[in-house]
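Here's a quick chat about how some labels get attached to a structure.

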Amino acid sequence: MRYSTIFAAVLASAPLLTSARPVRARDAATNALVFQFANVLNQLESEFYKQGIAKFKDSDFTAAGFTSSAMVSQALTTIKADEDTHIAAIQAALTAWGNQPLTCNFKFDSALTDVPTMAATARTLEFVGVSAFLGAANLLPKDLLDAAGMILTVEARHSTLLNIFSGKGSAIPSAFDIGLTPQEILGVASGFIDGACDLGLTATKPLTITNKAVNPGDLLTVQGDGISGTDGLFCNMIQGGNATSVNLPLASCNVPQGTNGPIAVWITKDNKPLSNDVTTRATDAQVAGPAIIFVDSQPEQLGQMVRKA
Ligand SMILES: *[C@@H]1O[C@H](CO)[C@@H](O)[C@H](O)[C@H]1NC(C)=O
């Protein structure tokens with residue numbers, strides 16, 4: 001629990017726990033909301049790994065192409081332990097601030113059908129973990145950024161491992177990650193939440209990309225509430241480091257040549273690109289999304305050593 005102690009020390013200098021400067025009610029509510037949100041997201045990840053580790057045998061991992069099942073189990077166990085430690089630290093902060101930590105239930109039936117599906121889902125969840133902390137940073141006061149950053153960097157390490165475990169992607173596919181708003185993260189995670197889990201936030205409409213694998217040049221096919229046909233609809237693809245989305249008519253939503261790594265995809269009803277900045281991204285024309293896809297156009301030796309295609 002050494003990590004939690006340091007986390008607590010950072011929090012101790014944070015506004016809500018000191019009387020050094022007055023805290024406005026709005027700050028307190030926002031801080032609690034962001035920490036509740038992080039609490040739920042970490043619970044989701046922890047529960048996912050718990051069920052995945054319990055469900056699959058060594059032979060399932062080797063059947064999925066992993067060169068060593070012990071190596072994968074060890075890594076997944078470490079990741080789960082990190083998530084549990086994060087939960088303990090986040091919940092301790094919430095309790096210290098006088099908030100009851102929210103606990104939610106999750107369902108992973110569709111994501112734990114086999115090891116390849118589990119590995120692909122974990123890869124998305126870890127990307128989403130990074131995007132969530134990045135996208136919520138602007139909501140936190142400076143005093144809490146250190147504490148949030150201590151978790152963010154570790155989520156990024158998990159993300160790298162899961163990229164490697166895909167066996168076909170780049171370990172570090174992009175020089176820049178993509179921030180997503182809490183509403184967008186909830187939209188991505190909504191399929192895994194079972195029953196009430198009331199954060200007081202409205203999730204964006206979930207979007208599914210129905211292509212099995214996506215390569216540069218491929219036409220994306222989508223499914224989601226409010227989407228029938230392609231008329232009047234546009235797809236938006238954001239790649240890390242780009243200022244805006246590539247906006248294309250949905251009927252010709254082809255992944256740009258040269259794309260590699262994670263892409264966030266939205267469907268909108270106008271041809272204005274979306275900003276790659278959570279504080280300025282317009283929501284009025286959004287129909288559904290984001291969905292996260294991985295374009296694995298630059299396979300690396302590291303992944304291939306760990307998992308054979
Ligand atoms: C990102 O920006 C590069 C450089 O402008 C462009 O070639 C590429 O198509 C963009 N990709 C996406 C998915 O935004």
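Q: Which parts of the chain supply at least two residues each to the lining of the largest cavity?
A: Those are helix H2 (25–55), helix H5 (115–136) and helix H6 (142–165); helices here are DSSP runs (H or I, at least four residues), strands too (E, at least two), numbered from the N terminus. This is a predicted model, where local features need pLDDT of at least 70, side-chain atom pairs count only at pLDDT 80 or more, and totals for chains, interfaces and linings use all residues. Residues are numbered from 1 along each chain as its sequence is written, and side-chain values use heavy atoms, with hydrogens and water left out.

Q: What makes Cys104 and Cys197 a disulfide?
A: A disulfide is a pair of cysteine sulfur atoms within 2.5 Å. The sulfur atoms of Cys104 and Cys197 are 2.1 Å apart, so the pair counts as one.

Q: Why is the disulfide of Cys104 and Cys197 called right-handed?
A: Because the torsion about its S-S bond is about 75°.

Q: What does the pair of Cys104 and Cys197 tie together?
A: Cys104 sits in the loop between H4 (69–96) and S1 (105–106), and Cys197 in the loop between S2 (193–194) and S3 (207–209), so parts 93 residues apart in sequence are tied together.
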